[in-house]
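Subject: Structure handover

Hello,

Here is the structure you were expecting, with my notes below it. Please read them with the model open.

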Amino acid sequence: MSEPMFQAVRWDPAGAVVLLDQRLLPFDRRFVTCRTPDEVAEAIRQMVVRGAPAIGIAAAYGMALALFPGSDASSEVLDRAARVLVQARPTAVNLAWAVRRMSQVAGAVRGATPEALREVLVREALAIHQEDIDRNRAIGIHGAALIPDEATVLTHCNAGALATGGYGTALGVIRAARESGKHLRVVACETRPYLQGARLTAWELLEDGFDVTLITDNAAGYLMSRGEITCVVVGADRIARNGDTANKVGTYVHAVVAARHGVPFYVAAPTSTLDPALPDGSGIPIEERRSDEVTQVLGTPIAPAGVRVRNPAFDVTPGSLITAIITEIGVHRPGAGGYDLVALTGIEPVSQD
Ligand code: MRU
């Protein structure tokens with residue numbers, strides 16, 4: 001496997017998944033080692049690892065861990081691991097996609113010895129990981145063509161190497177544009193309440209030598225109204241057939257403001273983030289997280305005790321506000337009737353039974 005820039009997820013052949021603990025960045029660089037599917041699921045729930053493709057990759061390794069010594073390698077063991085992992089976080093479809101792919105591979109070699117099955121599953125998880133990096137590189141090449149030289153690109157949350165197998169989706173487009181010789185500035189929105197933009201994107205881009213400016217989420221409209229943003233590029237957690245896109249909460253607001261000011265709004269995601277079984281975004285499950293993420297900033301209270309809180313972690317941007325969706329296949333633009341991602345990508349809906 002080629003070496004990604006930041007290893008958010010790493011397989012230890014002794015039988016462990018090693019995760020860069022993203023809760024501690026940018027202040028501390030520590031790793032969490034998971035040896036069972038339950039430990040991987042808990043790490044996903046607790047946001048040790050986050051970002052749609054990265055949690056899919058971690059879950060794929062988690063499935064392989066179900067077969068490490070101590071397990072009886074029965075199909076119930078894998079079915080249970082699949083259930084626990086898929087339930088860890090609801091919105092990113094990459095999680096279910098990766099677990100389903102692992103279950104299918106296991107099903108295809110039913111009857112194999114536990115050792116052979118384990119080997120097959122480890123190989124498949126490594127393939128899922130490497131394919132994600134390759135997909136991101138391809139997304140980058142397609143997307144880079146959309147970014148003009150001297151552009152100022154606004155992004156939200158973290159859709160970088162930290163959120164994927166490596167290289168990133170939205171940040172992959174930005175990386176590839178720079179690799180093609182363009183000079184760029186990046187504006188990173190802080191991304192309340194979990195601060196993925198401030199803590200992770202600002203750190204990842206600084207480490208990589210980018211010209212990055214951090215703003216509050218609320219400042220994005222002001223900059224767009226002044227013509228200071230060339231385009232917006234974000235990642236995605238789930239994209240319905242008509243292009244409606246779930247991504248980190250706040251993305252929808254940026255899309256509305258971008259449309260108001262004629263700023264192109266791009267979504268960059270691998271096809272593993274497509275959910276063409278959903279006709280539109282109304283069926284996307286939106287995770288609601290703990291209230292203390294809103295009432296505290298890095299452990300310090302900022303609101304009166306007892307106040308009622310809503311904390312949806314994602315929102316849905318209608319396909320009608322998205323200028324183009326960039327996948328590893330190419331740049332997909334809406335037709336007269338909007339997006340039809342099955343027609344555009346050839347990816348068929350997966351039956352849910
Ligand atoms: O809650 P998070 O940090 O997992 O949310 C991440 C995002 O919303 C990303 O933009 C998305 O998963 C794409 S990552 C390539």
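**Cavities**

Among the elements, α2 makes the greatest contribution to the lining of the largest cavity, with three residues. Please keep in mind throughout that this is a predicted model. Helix α2 covers 52–65, and together with strand β9 (245–248) it belongs to the elements that each supply at least two residues of that lining. The volume of the largest cavity is about 210 Å³. Its lining consists of 27 residues, and those closest to the centre are Arg50, Gly51, Ala52, Asn158 and Asp237. Sorted by class, the lining of the largest cavity holds 13 nonpolar, nine polar and five charged residues. Both domain 1 (9–137) and domain 2 (146–345) take part, each with at least three residues in the lining of the largest cavity.

How many cavities of 30 Å³ or more are there? The count is three. The second largest cavity has about 70 Å³ of space. Pro53, Gly56, Ile57, Asn94, Trp97, Ile128, Asp132, Arg135 and Ser272 form its lining.

**Domains and their interface**

The chain divides into domain 1, residues 9–137, and domain 2, residues 146–345. Between the C-alpha centres of domain 1 and domain 2 the distance is 25 Å.

What do the two domains bury between them? The size of an interface is often given as the accessible area lost when the parts come together. For domain 1 and domain 2 the buried area is about 2,700 Å², with 53% of it on carbon and sulfur atoms. In terms of contacts, 30 residues of domain 1 meet 37 residues of domain 2. Four salt bridges are counted between domain 1 and domain 2.

**Salt bridges**

For the whole model the count comes to 22 salt bridges. One of the pairs is Arg101 with Glu131, whose side chains meet at 2.8 Å, N to O. This pair connects distant parts of the chain: Arg101 sits in helix α4 and Glu131 in helix α5, 30 residues apart. A further salt bridge is formed by Arg29 and Glu207, where the closest N and O atoms are 3.9 Å apart. That distance is worth a look when you inspect the pair, as the cut-off used for a salt bridge is 4 Å.

**Backbone points to check**

Which residues are joined by cis peptide bonds? Leu25 and Pro26 are joined by a cis peptide bond with omega of about 10 degrees. Pro26 is located in the loop between β2 (16–20) and β3 (31–34). Arg192 and Pro193 are also joined by a cis peptide bond, with omega of about 0 degrees. Pro193 falls in the loop between β5 (185–189) and α7 (196–207).

Then there is Glu150, which is not a glycine but has a positive phi of about 70 degrees. Glu150 is found in the loop between α5 and β4 (152–155).

**In short**

The items to open in the viewer are these:

- the largest cavity, about 210 Å³, with residues from both domain 1 and domain 2 in its lining;
- the interface between domain 1 and domain 2, with its four salt bridges;
- the Arg101 and Glu131 pair, a salt bridge that links helix α4 and helix α5;
- the cis peptide bonds at Leu25 and Pro26 and at Arg192 and Pro193;
- Glu150, for its positive phi.

Regards

Notes. Residues numbered from 1 in each chain as written. Predicted model: local features only at pLDDT ≥ 70, side-chain atom pairs only at ≥ 80, totals over all residues. Heavy atoms only, no water. 1 Å grid on protein atoms, 1.4 Å probe; cavity = no way out; pocket = protein on both sides within 12 Å on 5 of 7 lines; lining within 4 Å. Points joined across faces, edges and corners; volume = space filled by probe spheres on them. Helix = DSSP H or I, 4+ residues; strand = E, 2+ residues; numbered from the N terminus. Nonpolar A, V, L, I, M, F, W, Y, C, P; charged D, E, K, R; others polar. Domains from an automatic or database assignment. Contact = heavy atoms within 4.5 Å. Buried area = accessible area lost by both parts, 1.4 Å probe.
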